[in-house]
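Hi everyone, thanks for making time this morning. I'd like to walk you through a two-chain model and talk about how its parts are held together. Have a look at it first, and then we'll start with one pair of side chains.

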Amino acid sequence: MKKIMHILFLSCLKATELIEKKLHFKLSAKEKLQLRVHKMMCDACTDYEEQNIIIEKALAKQEDKEVKLDEKDINLPDLKKSILDKLSK
Amino acid sequence: MINDSLEKWVNQFTDDLLSWAIYKVSDTQLAQDLVQDTFLAASEKYTSFQGKSSPKTWLFSILNYKIIDHYRAKMRQPISMQSLSISTFFNSDGDWLLNKRPTSWDEDEGHLLDNENFNKILKSCIDALPEKWAAGIKLKYLINKKGEEICQELGITPTNFWQIMHRAKLQLRDCIEKNWKREI
C-alpha cells in the first residue's frame, strides 16, 4: 500500500527533490500535481518547503553585504605594494 | 612596465575589491590572491579596456570572473554524492528519519530574514558545508542567473545541478534548525 502511495504521491525524498527543482526549473504538470497532493498529506515536507524558501531569500540577501576591512587582520599597504611590484615586472 | 592608470587604480580600488572578495570567498588570503590576479589580468587586457565602463566596474567584472572560476574549480572536484548521503535524512523507503524530520520554526519569514542571529547561523552553516555544495550555492548568487543558464556556465546538467542544491539545502536546513532551536 505504502509503495503504491509513494509511486502516486511521492516519497518525502522525491518530494524534497521536486521542492528544490521547482526553485530553479519549471516542473511538469504531473510533478506539480504530485507535489501538491504530497504536501496535503505531509506536514514535514510542507514545513520543509516554507523553510527552503526562507533560506533561499536569506541567501540572496546575504550576498549584498560587504566586509569591513578594518575588522580583518590585513596589511593593505603591503598588499598594494606587492601588486605594484608584480605589475612592474 | 606599469602604466600610470593601473598604478592609480591599485591605490584607489584595492580596498573595495578586497572587501568584496573576502565576503564572497570567506578567506582573506585567497581573497588577496584573487585581487592581485585581477590587477595582473587587467594589465594584460589593458588595451581592450576602452573606457566604455568605469575602471571600477571593469575591475569588479574581472574580479567576479576570478571568483566564479575559483568556485567552478571547486564544483568540479570529484567528491562523490555519497559524501553527503541521502540516508542521513531518509530511510530506504524515502521517508524522513524521525530525528531529521523538519519541524516548524515558529517564526514568520520577515522576522527571520532581519534577525542578526539567524543570518549569523546561516553563514556558519554555509561554511560548514562540504566545499562542493557550498560552491554551488555561492555560484548561484554570484552568477545571478536562473536554472539553465547557470548550468551552461558551469558545464553541468540541470539534473546534476538541482541534485547538488538539494543535498546542500538538506544539510543547510538541518544545521540551521539545530542551531536556531538552541538559540530560542
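**Salt bridges, helices and an interface**

Let's begin in chain B, where the side chains of R173(B) and E177(B) meet in a salt bridge, 2.6 Å from N to O. Before I go on, please keep in mind that this is a predicted model. Both residues sit in helix 8 of chain B, 4 residues apart, which is about one turn of the helix. Here is the background for that spacing: an α-helix has 3.6 residues a turn, so residues three or four places apart point the same way. And side chains of opposite charge can pair when their charged atoms come close.

Are these two partners buried or exposed? R173(B) has a relative accessible area of 2%, so it is buried. E177(B) counts as buried too, because its relative accessibility is 10% and the cut-off is under 20%.

Staying with charged groups, salt bridges that share partners join E20(A), E56(A), K140(B) and K169(B) into one network. Let me take two of its links. K169(B) and E56(A) meet through their side chains at 2.6 Å, N to O. That pair crosses between chains, running from K169(B) in helix 8, residues 158-183 of chain B, to E56(A) in helix 4 of chain A. Both K169(B) and E56(A) are buried. The other link I'd like to show is the salt bridge of E20(A) with K169(B), with 3.2 Å between N and O.

How many salt bridges are there between chain A and chain B? The count is 5. Helix 4 of chain A gives the largest share, with 15 residues. By residue type, the side of chain A that touches chain B divides into 20 nonpolar, 9 polar and 16 charged.

Now for the totals across the interface. On the chain A side 45 residues are in contact with 58 residues of chain B. Together the two chains bury about 5,200 Å² between them, and 65% of that is on carbon and sulfur atoms. There are also 16 residue pairs in polar contact between the chains, with both residues at pLDDT 80 or more.

If we search the whole structure, we find 16 salt bridges over all chains. One of them is within chain A, where the side chains of E31(A) and K21(A) meet at 3.0 Å, N to O. E31(A) lies in helix 3 (residues 29-41) of chain A and K21(A) in helix 2 of chain A, so this pair ties together parts that are 10 residues apart in sequence. Here again, both E31(A) and K21(A) are buried.

Next, two helices of chain B. Helix 6 covers residues 131-144, and at 1.5 Å a residue its 14 residues should span 20 Å; the end C-alpha atoms are 19 Å apart, which agrees. This helix is mostly covered, with 12 of its 14 residues buried. Among those buried residues are W133(B), G136(B), Y141(B) and K140(B), and K140(B) is also a member of the salt-bridge network I described.

Helix 3 of chain B, residues 55-76, has 22 residues that should span 32 Å at 1.5 Å a residue, and its end C-alpha atoms are 32 Å apart, so the two values agree. Its buried residues include W58(B), F60(B), H70(B), R72(B) and K74(B).

Most residues other than glycine have a negative phi, and most peptide bonds are trans. Which way does phi go at L10(A)? L10(A) has a positive phi of about 75 degrees although it is not a glycine. This residue is in the loop between helix 1 and helix 2 of chain A, and at 8% relative accessibility L10(A) counts as buried.

In chain B, S26(B) also has a positive phi, near 50 degrees. S26(B) is in the loop between helix 1 (4-25) and helix 2 (28-44) of chain B. With a relative accessible area of 36%, S26(B) is partly exposed.

That's my tour, and I'm happy to take questions!

Notes:
Residues numbered from 1 in each chain as written. Chains lettered and ligands numbered in written order. Predicted model: local features only at pLDDT ≥ 70, side-chain atom pairs only at ≥ 80, totals over all residues. Heavy atoms only, no water. Contact = heavy atoms within 4.5 Å. Buried area = accessible area lost by both parts, 1.4 Å probe. Salt bridge = Lys/Arg side-chain N within 4 Å of Asp/Glu carboxyl O. Polar contact = N/O pair within 3.5 Å; in protein donor to acceptor, adjacent residues only side chain to side chain. Nonpolar A, V, L, I, M, F, W, Y, C, P; charged D, E, K, R; others polar. Expected span 1.5 Å × (residues − 1). Buried < 20%, exposed > 50% of the residue type's maximum accessible area, 1.4 Å probe, protein only.
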